[in-house]
Amino acid sequence: MKRTIDYYLKRGSYVFACFVDFQKAFDRVNYWKLFSQMLDDGSDASLVQLLAFWHSRQTLCAYWQGFCSEKFTVANGTRQGSVLTPYLFTRFVRPLIAAITQSIGLAMPWTYV
(Lines give C-alpha, C1' and ligand atoms only; values in the text may rest on other atoms or scores of the structure.)
Protein backbone atom coordinates (compact mmCIF):
# COMPACT_ATOMS: atom_id res chain seq x y z
CA MET A 1 0.00 0.00 0.00
CA LYS A 2 2.86 2.37 0.82
CA ARG A 3 4.35 1.86 -2.66
CA THR A 4 1.02 2.62 -4.29
CA ILE A 5 0.59 5.80 -2.25
CA ASP A 6 4.17 6.89 -3.02
CA TYR A 7 3.59 6.22 -6.72
CA TYR A 8 0.64 8.62 -6.90
CA LEU A 9 2.14 11.25 -4.59
CA LYS A 10 5.35 11.43 -6.65
CA ARG A 11 3.24 12.14 -9.72
CA GLY A 12 1.39 14.99 -8.03
CA SER A 13 -1.88 13.19 -7.41
CA TYR A 14 -3.99 13.07 -4.29
CA VAL A 15 -4.46 9.80 -2.44
CA PHE A 16 -7.65 8.99 -0.55
CA ALA A 17 -8.13 5.99 1.72
CA CYS A 18 -11.19 4.73 3.48
CA PHE A 19 -11.13 1.87 5.93
CA VAL A 20 -14.35 0.22 7.03
CA ASP A 21 -14.47 -2.38 9.78
CA PHE A 22 -16.68 -5.14 8.42
CA GLN A 23 -16.17 -7.38 11.45
CA LYS A 24 -19.39 -9.34 11.87
CA ALA A 25 -20.92 -7.25 9.07
CA PHE A 26 -22.34 -10.31 7.31
CA ASP A 27 -24.31 -11.04 10.49
CA ARG A 28 -25.93 -7.61 10.50
CA VAL A 29 -27.33 -7.43 6.98
CA ASN A 30 -31.00 -6.46 7.20
CA TYR A 31 -32.83 -8.74 4.73
CA TRP A 32 -35.71 -6.41 4.06
CA LYS A 33 -33.47 -3.42 3.38
CA LEU A 34 -31.36 -5.59 1.07
CA PHE A 35 -34.39 -6.84 -0.84
CA SER A 36 -35.78 -3.31 -1.12
CA GLN A 37 -32.44 -2.11 -2.53
CA MET A 38 -32.43 -4.97 -5.03
CA LEU A 39 -35.90 -4.02 -6.25
CA ASP A 40 -34.88 -0.34 -6.47
CA ASP A 41 -31.85 -1.37 -8.55
CA GLY A 42 -34.12 -3.18 -11.01
CA SER A 43 -33.50 -6.79 -9.94
CA ASP A 44 -36.04 -9.31 -11.12
CA ALA A 45 -38.96 -9.25 -8.66
CA SER A 46 -39.37 -13.04 -8.85
CA LEU A 47 -35.78 -13.54 -7.74
CA VAL A 48 -36.19 -11.08 -4.86
CA GLN A 49 -39.43 -12.82 -3.81
CA LEU A 50 -37.66 -16.18 -3.82
CA LEU A 51 -34.79 -14.85 -1.70
CA ALA A 52 -37.26 -13.20 0.69
CA PHE A 53 -39.16 -16.49 1.02
CA TRP A 54 -35.97 -18.43 1.80
CA HIS A 55 -34.63 -15.90 4.29
CA SER A 56 -37.91 -15.33 6.12
CA ARG A 57 -38.43 -19.04 6.75
CA GLN A 58 -34.94 -20.21 7.66
CA THR A 59 -34.31 -21.72 11.06
CA LEU A 60 -30.96 -22.46 12.62
CA CYS A 61 -29.54 -24.36 15.54
CA ALA A 62 -26.21 -24.13 17.33
CA TYR A 63 -24.07 -27.24 17.32
CA TRP A 64 -21.46 -27.38 20.09
CA GLN A 65 -19.52 -30.29 21.59
CA GLY A 66 -21.81 -32.86 20.04
CA PHE A 67 -25.06 -31.22 21.13
CA CYS A 68 -27.58 -29.36 19.01
CA SER A 69 -29.69 -26.51 20.39
CA GLU A 70 -33.37 -25.93 19.79
CA LYS A 71 -34.17 -24.41 16.41
CA PHE A 72 -34.49 -20.63 16.26
CA THR A 73 -35.24 -18.03 13.60
CA VAL A 74 -32.80 -15.38 12.46
CA ALA A 75 -33.92 -11.91 11.38
CA ASN A 76 -30.61 -10.57 10.02
CA GLY A 77 -27.44 -11.81 8.42
CA THR A 78 -26.35 -13.69 5.37
CA ARG A 79 -25.85 -17.44 5.40
CA GLN A 80 -22.35 -18.73 6.10
CA GLY A 81 -20.93 -20.73 3.23
CA SER A 82 -23.64 -19.77 0.75
CA VAL A 83 -22.48 -18.96 -2.77
CA LEU A 84 -24.91 -16.02 -2.75
CA THR A 85 -23.49 -14.43 0.41
CA PRO A 86 -20.69 -12.36 -1.19
CA TYR A 87 -23.05 -11.12 -3.91
CA LEU A 88 -25.82 -10.21 -1.46
CA PHE A 89 -23.39 -8.51 0.92
CA THR A 90 -21.91 -6.46 -1.93
CA ARG A 91 -25.40 -5.40 -2.97
CA PHE A 92 -26.14 -4.39 0.62
CA VAL A 93 -23.05 -2.16 1.04
CA ARG A 94 -23.24 -0.69 -2.46
CA PRO A 95 -24.95 2.56 -1.27
CA LEU A 96 -22.17 3.06 1.28
CA ILE A 97 -19.48 2.62 -1.35
CA ALA A 98 -21.38 4.93 -3.72
CA ALA A 99 -21.61 7.64 -1.06
CA ILE A 100 -17.88 7.40 -0.35
CA THR A 101 -16.87 7.56 -4.00
CA GLN A 102 -19.23 10.45 -4.71
CA SER A 103 -17.97 12.40 -1.71
CA ILE A 104 -14.47 12.45 -3.22
CA GLY A 105 -15.71 13.06 -6.75
CA LEU A 106 -15.18 9.63 -8.28
CA ALA A 107 -17.53 7.74 -10.55
CA MET A 108 -18.88 4.42 -9.37
CA PRO A 109 -16.27 1.75 -10.14
CA TRP A 110 -18.90 -0.78 -11.25
CA THR A 111 -22.53 -1.13 -12.15
CA TYR A 112 -24.99 -3.97 -11.75
CA VAL A 113 -27.24 -5.23 -14.46
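Which helix holds both Trp32 and Phe35? Helix α2 (residues 31–40) does, with the two residues 3 apart, about one turn of the helix. The model is predicted, so local features need pLDDT of at least 70 and side-chain atom pairs pLDDT 80 or more, while totals for chains, interfaces and linings use all residues. Residues are numbered from 1 along each chain as its sequence is written, and side-chain values use heavy atoms, leaving out hydrogens and water.

View 1. (Rings of Phe, Tyr and Trp, taking its six-membered ring, pair if their centres lie within 6.5 Å; planes under 30 degrees apart are stacked, over 60 edge-to-face, the rest tilted.) Tyr7 is partly exposed at 42% relative accessible area, and Tyr8 is partly exposed at 41%. (Buried means under 20%, exposed over 50%, partly exposed in between, using a 1.4 Å probe and protein chains only.)

**View 2. Trp32 and Phe35 in α2.** Here the ring centres sit 5.6 Å apart and the planes make 75°, so this pair is edge-to-face. Trp32 is partly exposed at 48%, but Phe35 is buried at 3%. Ring pairs also bring in Tyr31, giving a cluster with Trp32 and Phe35.

**View 3. Two sides of α3.** Helices are DSSP runs (H or I, at least four residues), numbered from the N terminus. Val48, Leu51, Ala52 and His55 are buried in α3. They fall within an arc of 100° (directions from the helix axis to the C-beta atoms), so they line one face. Turned away from that buried side are the exposed Ser46 and Gln49.
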